[in-house]
Amino acid sequence: MMIGGLFPSLLLAQKTVSGKVTDVLDGMPLPGVNILVKGTTLGTVTDFDGNYTISVAEDATLVFSFVGYQSEELLVGNQTVINIQMSQDVTQLGEIVVVGYGVQTKREVTGSISKVGGEELQSISVPSFEAALQGKAAGVQVIQGSGTAGSASMIRVRGIASLSAGGDPLYVVDGIPITQDYFINGDRGAFNNNPLATINPADIESVEILKDASAAAIYGSRGANGVILITTKRGKTGKPTFTFSSRVGISQPAREVDLLSSEEWLQLRQEAWENDGNVGLAELPGNLTWEEARANDTDWIDLTTQTGFKHEYNIGMTQGNEKLTSYVGFSYSDNESFLVGNSYERISGRVNLDYNILDNLRASVTTSLSQGINNRVAGAWDGGLGAAMSDALVIYPVRNADGTYFTDGNNPVRKQDLQDWRTRENRSLSTLAFNYRPIEKLELNLSGSLDYMDIQDDQFEPAELTNAESVARRYPTWVTNYTISATASYDFDLNEDNRFKFLIGGEYQRSLTESWGKIEAFNVSGPLQDDPDIPDRFDDNDQPLPNPVYETAPDQIWSFISYFSRVNYTFKDKIFLKGSARVDGSSRFGRNNRYGFFPSLGAGYIISEEDWFPETSVINFLKLKASWGITGNADIPNYQRWGTFQRREGNDGNPYNQQPIIFPVRLENPDLQWEVQRTYDIGFELGLLDDRITTEVAYFDKNSTDVLIDRLVQVSTGFERYFENIAEINNRGFEISLRTRNLVGNFKWNTEINASRLDNEVIDIGATPPDAIAGSGDTRVVEGLPVGVNFLNRFSRVDPENGLPIFLDKDGNETYEFNLDDRVPVGSVVPDWTGGITNTFSYKDFDLSILFTFTIGGNLYDDSGKRQLGVVSDWNMRSEIKDRWRQPGDIAQFPRLTLEPGTYGGLPSFWNLNTTQFLYDATFGRVRNVTLGYNLPAELVDRMRLRSARVFFNGTNLLTFTKFPGADPEIVRDQSARQGRNLSPNVTYLTAPQERAFTIGLNIGF
């Protein structure tokens, strides 16, 4: 009796229940339906024919859920066969949505959360999984860095709210706030260093994006820029089932710059020479004669690009019983980009286990181990394709007559062939968690997590490249980031109509980054070995090394301690209230502002379920919701609160009696604190025509105060820079998501549209002048205008009589004089509209999906245009220069050619020619993704003894519609500093374009 009282569920008879799940409209089987025993993690999934089998107790309730369908619950009772028909639900009110430290049904959510399923992330060929979010979520702007293998994306959730602090959302993987610093290993290669690239998309179950304060405030001081929750797959109850997927494909540049040929470039050179009053043949760069120059017409773009080959293989297994469920996945991918020598190779493994130690005690292990090998190439200003578009002139040869490399001018092929540059990253994400239910409806959770990264960035340059002695450099970095979290939740039902859910918790996170500034060895025959013992004395060819030179770097340590709580209230399952609060303490901030408080409130009301709501065949669902909350941003460099000093040795150019000195460089700031963001959000969810049309609309107002500025300090003070909370920024706008089922039946056609309108404004920057807060391409921060306006001289026109450029002075009057004092704020880095349109068609075993993404408004500044379309120098020139002034009376786009910058109104240097002539409308549309799939017939699949089989074709970035004449309108300027990334996302400087990829693939289940 005592044993039965303690463990009643163990004494209930288990039995096997089977059945089939089909679509209520057409009777087609539904594969992949999740079937869970309510209140447990026990479950299974339907096979390709919609069949399932599960062992349960008689008093169990089965929950059937499937993306796009209404969830169903059935009591098992004495049934052994349970067949069920599921109805489509575009509103997906029963869909489970992951929120901070828990889950909710979509019906209960009062905040603004966008969910993207793992299948959608795998349907597109991208360098890293986060790029697949583009066009999938309203209010979320995703700009892929470039087509470089492994390249990161810049994500902005509801606008730009920071200046000198980070603007990226917080990424949380299975409860771990992970390390996501794109420049953790310095600015070598800049944005191409992506710590998210080692995450395998095939392991991802879903991605939730928390956009408003009601959703994100539970993450307190790190929720201001939004939170991206990544949940990986877990095991299901049942026999072992396997999935295998493979894809192979090719990649090419999505667009290319149209450069002049050798003869055309020489013609322009001669024309500029003569316009400047010279006679004879023009002098040429590279010590070339005209005869030698005319013998060359080198297509450097062709030599630095290729047709890249990519292939990927994934296998996953899920199985389980009443005691243990498990998911195991392995993946290998090799993504070769269209840049010669550039590829990203990833191998990863994941094991997720859930073990029921007792009926009320469960242990979970979530662990992954991955290695990413980034074979890197020079880019932008450093070489490669960037050199091909700039100072690797078409008149230069690749090799001299004797077969040696040409070295009298930029030769990207030489560097491409000789430099060895590889970054190897080992990463492990692991969590051990316990879930204990001491009494009914009370859950206690305890978890410990580790995010470990080991990065080795190796470069080798032989003597032939350095023109001196060979050199091997290594930049090693180790990151140990651990989190300890404890929560308690309790479900309290006052009665049938009034239900509460309480959550309290605490969390501690600490991160340690250790690194060598540089390890350098000379006169070596190859890269340094990958050996854990860094002072190894042998290179890859087992040749003795000279003593390496070591440059030390200080450890970077930061920590957070947090306490949080949340209360959810439900009245009659139609009125929902939520309140949360979090207290964060951070090591990054001053002693006077070490802790911050971040509350939020949210409410939802399903008004259509009131008795008094008019019954109509048009409106079948209407939910109103509103929220308010405070979040923060703590993403700044470490140690900014302290006053810092620098030591200079006596022999380091110091005349003070040749003795070492220590001097201050940064002021102490005991009042330094996080940025504070107050957000209001109001919206509604609407279902029309029995959910044939559903929509979500939200208006938000996000006001950021105490915005951090890394401001310059007057030189006379003896200091350099100083972080201070002085600015205010406002982001407001609205977003809409629309889903329609245009056709149902055998031929289905669904459409999803999401769009966001944003207004961004700098309210206050104190007494800080515009030039004190700068980004690349002359972007600035000006009160009353959006963050990152371009600060440029205004170009008016070309004088048809003399061909000289005419500018506008500060007052708007035309002038021939070029004066940097006439710069004014123009343009905007922030687009007016962003969004995506997805159309999905299916007929019998065929399916077709087309994603179109768009950006409307804003501006794009072509920072390389001043060299490719300005003064004739040692740069290649673009074909647009053909529309130039040549003789009196010409109405031309570009002024007369010259070799002398001063010809253009006293221009001091061609680098100063930052004018509105190179500022373009950033509007563009792109056929982002097209996928055509075919599911093999069930009879054939059965004969092959498989559960399912599907083949597909995928095309990425197939068409681009834009007026921008450069390489690509979708760009992110590589920036090593947070401020540059916030202010200059619209500035392109020889950035590699996106890739156009074609892949074919196979998915099978067995």
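**Exercise 1. Find the average pLDDT of the protein and the stretches where it stays under 50.**

Step 1. The protein averages a pLDDT of 88, and 93% of the residues score at least 70. Here pLDDT is the predictor's confidence in each residue, from 0 to 100.

Step 2. This is a predicted model, where local features need pLDDT of at least 70 and side-chain atom pairs count only at pLDDT 80 or more, while totals for chains, interfaces and linings use all residues. Residues are numbered from 1 along each chain as its sequence is written, and side-chain values use heavy atoms, with hydrogens and water left out.

Step 3. Over residues 1-12 pLDDT stays under 50, and the model has four contacts for them beyond four places in sequence. A contact means heavy atoms within 4.5 Å. Residues 531-535 also stay under 50, with nine such contacts.

Step 4. Where pLDDT is low, the predicted coordinates should not be read in detail.

**Exercise 2. Follow strand β25 and name its pairing partners.**

Step 1. Start with β24 (residues 471-493) and β25 (residues 498-522), which pair in the antiparallel sense over 21 bridges. Strands (E, at least two residues) and helices (H or I, at least four) are DSSP runs, numbered from the N terminus. Two strands pair if DSSP finds at least two bridges between them.

Step 2. Look at the turn: β24 and β25 form a hairpin with four residues between them. Thr 483 stands opposite Gln 509 in β25.

Step 3. Now go to β27, which runs antiparallel to β25 and is joined to it by 16 bridges. Gln 509 stands opposite Phe 560 in β27.

Step 4. Finish with β26 (residues 549-552), joined to β25 by four bridges, again antiparallel. Val 549 in β26 is the bridge partner of Glu 520.

**Exercise 3. Describe the aromatic pair Phe 589 and Trp 674, then the pair Trp 875 and Trp 911.**

Step 1. A pair of aromatic rings is described by the distance of the centres and the angle of the planes. Rings of Phe, Tyr and Trp (its six-membered ring) pair if their centres lie within 6.5 Å; planes under 30 degrees apart count as stacked, over 60 as edge-to-face and the rest as tilted. By this rule the count comes to 24 aromatic pairs.

Step 2. The ring centres of Phe 589 and Trp 674 are 5.0 Å apart and the planes stand at 70°, so this pair is edge-to-face. Phe 589 lies in the loop between β28 (575-586) and β29 (595-606) and Trp 674 in the loop between β32 (661-666) and β33 (675-688), so the pair ties together parts that are 85 residues apart in sequence. Phe 589 and Trp 674 are buried, where buried means under 20% relative accessible area, exposed over 50% and partly exposed in between (1.4 Å probe, protein chains only).

Step 3. For Trp 875 and Trp 911 the centres are 6.1 Å apart and the planes at 85°, so this pair is edge-to-face. Trp 875 and Trp 911 lie in the loop between α11 (865-868) and β46 (919-921), 36 residues apart. Trp 875 is buried at 5% relative accessibility, whereas Trp 911 is partly exposed at 40%.

Step 4. Trp 911 has a charged neighbour too: Arg 867 lies over its face, at 4.6 Å from the ring centre. A charge sits over a ring if NZ of Lys or CZ of Arg is within 6 Å of the ring centre and within 35 degrees of the ring normal.

**Exercise 4. Is Asp 691 buried or exposed?**

Step 1. Locate Asp 691 in the loop between β33 and β34 (693-712).

Step 2. Its relative accessible area is 7%, so Asp 691 is buried.

Step 3. Check the backbone as well: Asp 691 has a positive phi of about 65° although it is not a glycine. Most residues other than glycine have a negative phi.

**Exercise 5. Which element gives the most residues to the largest nonpolar core?**

Step 1. The largest nonpolar core has 62 residues, and those with the most contacts inside it include Trp 265, Leu 385 and Met 877. Such a core is a set of buried Ala, Val, Leu, Ile, Met, Phe, Trp, Tyr and Cys residues joined through side-chain atoms within 4.5 Å.

Step 2. Several elements give two or more residues to this core, among them α5 (262-275), α8 (385-388) and β46. The one that gives the most is α5, with five residues.
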